[in-house]
Each structure stands twice: as C-alpha cells, then as structure tokens.
Amino acid sequence: MASEENIASLLRSGLRTEAFEALLLAHQDKVFRLCYSMLGDRAQAEDAAQESFLRIWKSVDRFRGDSSLSTWIFSITRNVCLTMISKRRESAPIEAADRGTPEAPDRQRDIFAVVGQLPENYRQVVMLFYMEDRSYEEVARMLDLPVGTVKTHLHRARQQLATMLKEADSVRRT
C-alpha cells in the first residue's frame, strides 16, 4: 500500500492515473466505512464512496497539500455524505438497514447496531476516532468541529453506548 508521501510524489510528477490508483487502494475501505457510518445503509454507502472517488478523480490535480491527503479525501467524502443526507431528508423516509452481517459475531453486530443508533454527530466522531484510529485533532478537522466538541461528543457517545449495550445484553439473556 502506497504512503501518502508516495501518492503526493506521484501527483507532483504528473502521474495522475498512478496516483489515483494508489490513493484508491490505500483509502477505499476507510472511505466506505466513513460513508457507512454517516449514512447507515450499505447501498447508499457504496454509492457515496463511488461518488467520493469520482470527485477525487476530477479534482486530484488540484490537491495543494495544505492538509494531509487523507484529511482532504475525508473532507470530500464527508461533503458527499452530507449532501446525500440532506437529499434523503427531502425525500420519503428510507427503512433502516440491517447493520450486521451474517458472518459477524453477535457482539460485533451488537456494537455496530448500537453505534448506528447513536445520533449522527456522535456516530461520526465514534467511527472516525475508534474505527479509523484518528486523533482528536484529525476528527475535528474532518468534521469541521472544535477539538473540545469532539471530546464532548466522544464522552457522551461512550456513555450512551455503555447503556445501550447493557440493554442489548439483558434482552439477549431473556
């Protein structure tokens, strides 16, 4: 997998196609997970990820390097997802997606289901911080939030998750 510096070097060398292929390989899973965390629907997440990479392809020549490549990619992805969310709110409600996969263990399925029930602002922060292993500062930049707000969202999300997982465990035992 190519590093961000290798991809940036390919871009500076004018090797746009090679840079994009390396970028796609390095970031496709993370972009999908961000889309899924924001949209909560697998099909919509796939569409959003595809749209994100289309926009990245169209604008990859304009990447200036003011931020890290991953921050730039996630900003584009976040904007695509926010656009889809606003369009979804304007249209008829969509049924909630099954957040678990048949091959996922019960606990993992519970965690994803519970994370999916968090308010959108908490869910985004949890996914980026814990599942994408981003720092407070990176999450703040990606979501255009103050670092203190990111920390507050994480604290409140952890409290809600603990309560929700306890409830899920008690339901399973009965």
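This is a predicted model: local features need pLDDT of at least 70, side-chain atom pairs count only at pLDDT 80 or more; totals for chains, interfaces and linings use all residues.
Colleague: How many helices and strands does the chain have?

Modeller: Helices (H or I, at least four residues) and strands (E, at least two) are DSSP runs, numbered from the N terminus. From that end on, the elements run α-α-α-α-α-α-α-α. That makes zero strands and eight helices.

Colleague: And what share of the residues counts as buried?

Modeller: Buried means under 20% relative accessible area, exposed over 50%, and partly exposed in between (1.4 Å probe, protein chains only). Of the 174 residues in the chain, the buried share is 40%.

Colleague: Which residues of α3 are buried?

Modeller: Helix α3 covers residues 42-59 and reaches 26 Å from its first C-alpha to its last. Asp 41 caps its N-terminal end, with a side-chain oxygen 3.2 Å from the backbone nitrogen of Ala 43. The buried residues of α3 are Gln 44, Ala 45, Ala 48, Ala 49, Ser 52, Phe 53, Ile 56 and Ser 59.

Colleague: Which residue forms a salt bridge with Arg 55?

Modeller: A salt bridge is a side-chain nitrogen of Lys or Arg within 4 Å of a carboxyl oxygen of Asp or Glu. Here the closest N and O atoms are 2.9 Å apart. The two partners are four residues apart in helix α3, so about one helical turn separates them. Arg 55 is partly exposed at 34%, and its partner is Glu 51.

Colleague: How many salt bridges are there by this rule?

Modeller: Arg 12 has one with Glu 5, at 2.6 Å between the closest N and O atoms. Another joins the side chains of Glu 138 and Arg 134, at 3.5 Å from N to O. Arg 12 is exposed at 59%, whereas Arg 134 is buried at 9%. By this rule the count comes to four.

Colleague: What is the nearest side chain of opposite charge to Arg 123?

Modeller: Arg 123 is in helix α6, residues 120-131. Leaving aside neighbours within four places in sequence, Arg 123 is in contact (heavy atoms within 4.5 Å) with residues including Ser 37 and Met 38. Lys and Arg count as positive and Asp and Glu as negative, while His and the chain ends are not counted. Arg 123 is buried yet has no salt bridge, and 4.7 Å away is the nearest side chain of opposite charge, Glu 120.

Colleague: Which residues does Thr 71 touch, not counting residues up to four places away in sequence?

Modeller: Thr 71 is in helix α4, residues 69-90. Thr 71 is buried, with a relative accessible area of 4%. The residues touched are Arg 141 and Met 142.

Colleague: Last one: what is phi of Asp 144 near?

Modeller: Most residues other than glycine have a negative phi. Asp 144 lies in the loop between α7 (136-143) and α8 (147-173), and is exposed at 64% relative accessible area. Its phi is a positive value, near 55°.

Notes: Residues are numbered from 1 along each chain as its sequence is written. Side-chain values use heavy atoms; hydrogens and water are left out. The expected span of a helix is 1.5 Å times one less than its number of residues. A polar contact is a pair of N or O atoms within 3.5 Å; within protein, one must be able to donate a hydrogen and the other to accept it, and residues adjacent in sequence count only if both atoms are side-chain atoms.
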